[in-house]
Amino acid sequence: MEIVLRGIGVSPGIAIGPALPFGVRTLDIPRYLVENKEAEWARFEQAVTTVRGELTRLHEQTMQELGQYHADIFAAHLLLLDDITIHEEIKSRLDSEGLNVEFLLDELVGRYSNLLESVEDPRFRERARDLVDVSQRVLERLLNAEAQTLERLETPSVVVAHDLSPSETAKIDLVNALGIATDMSGPTSHTAILARAFEIPAVVGLKYVGAHVMPGDMVVLDGTHGQVIIRPEEKTLERFRAEKKREEARRQALLLADENLVSTTLDGHAVPTLANIELPVEIAHSLKTKAMGVGLYRTEYLFLNRGSLPTEEEQFHAYAEVAEAFNPSSVTLRTLDIGGDKFVAHVRSLPETNPQLGWRAIRFCLERPDIFKAQLRAMLRASTFGNVQIMFPLISGVDELRQAKAIFRDVCLDLDRRSIPFDRNVKVGSMIEVPSAVAMADMLAKESDFFSLGTNDLIQYSLAVDRGNERIAHMYEPAHPAILRMIRQTVLAAKAAKIPCAVCGEMAGDPLFTELLAGLGVDSLSMSTVAIPAVRAQIATCRMSVARRFAKRVLAMGSASDVRALLLERFRGRNEQA
């Protein structure tokens, strides 16, 4: 019987193949008194040394393949491995109780991970998973147990698991791993980050996938729409096979194309497709997919997983690199969006009950002008290397925008006084991602050079749905009529002020919404580079005149399920003709 599960799509694409259930083996941890405490401690230290070597090699391998940002996941694991508090507690209990070290380690990690998992903040849950991952490695060495691995899969398979650790995902067989489906994790988890980097379709937060699937069951995984179908009926299988084939053909054709790089509709309207990037390593891939600029450059990676703030020079070189690579196309640099689900260890902040509604993004920057000004100086200096725009995240009203622009002007005056060159015509824009910004869009447009709709947060805040919460992930619905009306309201405000309005959230990279967004009047779409060919193909198959009429029809609908059904019908019909 066909079973359809909805989760969180974190890496786009369609995977079809047999299921390979994968679970961390429960080790049988003995408990006994040791005779030689010094020898027992030496055994623990030897296991730690072995694991340190494994993690160091994994760090170096990830650095070569994916760059510093992803490699820092394992730098953090190395820090956990050598955590002096853990070592001291195990040594103290070994000396006082004389118990074997694997029992002491397992008990300590269980206690710590349960404590971290009980905290609602996702950053602590991710730390708990890291701790379990590292301790599992040490326990396997102590017990001489063969480690489970996804490094070599016998046949092409869809990997199904309750959860995957960073080290398991990092070493996954890239040839035979067709897709990843997990019960746990969210869009910012290490599993999601690595799956996107490896371009493996992935859906997380499924909650019960492990309970429904058996080894060898046929599975269809749609990483774009966050859907997994177990034991699909033949007609379902045929539909997804055809869609996968069309997507691959369109993607390959567009990757090989050398001309007609402008994304245009059949009746000649340009809808540029730009890249969302956060790592220097993504620049080359974005250029390969013929991204027409960068609509969102996330700058947080420079601040995460390190012991000190990045210097102005570090930031300058990173921003200049991407500006120069895409010149003369525009590169939109988003100022720091720290907070919420992103945590910076070296910036002190009080615990927050709800970080997503707390001290983050532009709020953080306005209260830390020292950090904000250093970043703005680096961005302005980089503007001499290309066509740079600067965008402020989470703007909720005119006052915030004015405060941010005042600091921006102060930085410009400071650079002028010191005769440091920069482009004096750098455009400054607002991200529209909270309902209050939509309500005030007409006023914000008068003081912005451009808008960019951050639909991820806009959907989350408007529908009161935490998209990282597995229990309600299915309620995170981009097709909700309220969201579509907000997009249209923002677009109309931008047009009245004669400024461009882009979409840089995940909706922009979903081909299901391409025609609708164009019809709503969005000027450009910015997305993960892996989604660009498929979205560009959709633009090439629609007419703007028809898209506008279609958008009016959709805006008159009151049900999210009706809207999604119509979008799917429209999408399938258009692609069957293509």
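Which residue in β7 does P18 stand opposite? Select P18 and look across: the residue there is M218. Keep in mind that this is a predicted model.

**Stop 1: the strand pair**

Now widen the selection. Pick strand β3, residues 14-22, and strand β7, residues 218-222. The two run antiparallel, and five bridges join them.

**Stop 2**

**Stop 3: A161**

Stay in the sheet and select A161, in strand β4 (residues 157-161). Is A161 buried or exposed? Its relative accessibility is 3%, under the 20% cut-off, so A161 counts as buried. Show what surrounds A161: leaving aside neighbours within four places in sequence, it is in contact with F22, A181, T182, D183 and V209. Pick out T182 from that list. A161 and T182 are 21 residues apart in sequence, yet 4.9 Å apart in space, C-alpha to C-alpha.

**Stop 4: the largest core**

Move on to F392. The largest nonpolar core has 101 residues, and F392 and L525 touch the most other members. Helix α14, residues 398-417, gives the most to this core: eight residues. Now display the contacts of F392. Not counting residues up to four places away in sequence, they include I362, F372, L401, A404 and M431. K405 and S430 are also among them. A second, separate core has 28 residues. To find it, select V34, L81, L99 and L104, which it includes.

**Stop 5: T490**

Next, select helix α18, residues 481-497, and find T490 in it. T490 is buried, with a relative accessible area of 0%. What does T490 touch? Beyond four places in sequence, its contacts are I432, V438, A441, F451, L453 and C501.

**Last stop: the whole protein**

Zoom out. Colour by secondary structure to see 22 helices and 16 strands. Of the 578 residues, 56% are buried. Among contacts with a separation of 6 or more, 69% come from residues 24 or more positions apart.

Definitions and conventions:
Residues are numbered from 1 along each chain as its sequence is written. This is a predicted model: local features need pLDDT of at least 70, side-chain atom pairs count only at pLDDT 80 or more; totals for chains, interfaces and linings use all residues. Side-chain values use heavy atoms; hydrogens and water are left out. A nonpolar core is a set of buried Ala, Val, Leu, Ile, Met, Phe, Trp, Tyr and Cys residues joined through side-chain atoms within 4.5 Å. Buried means under 20% relative accessible area, exposed over 50%, partly exposed in between (1.4 Å probe, protein chains only). Helices (H or I, at least four residues) and strands (E, at least two) are DSSP runs, numbered from the N terminus. Contact means heavy atoms within 4.5 Å. Two strands pair if DSSP finds at least two bridges between them.
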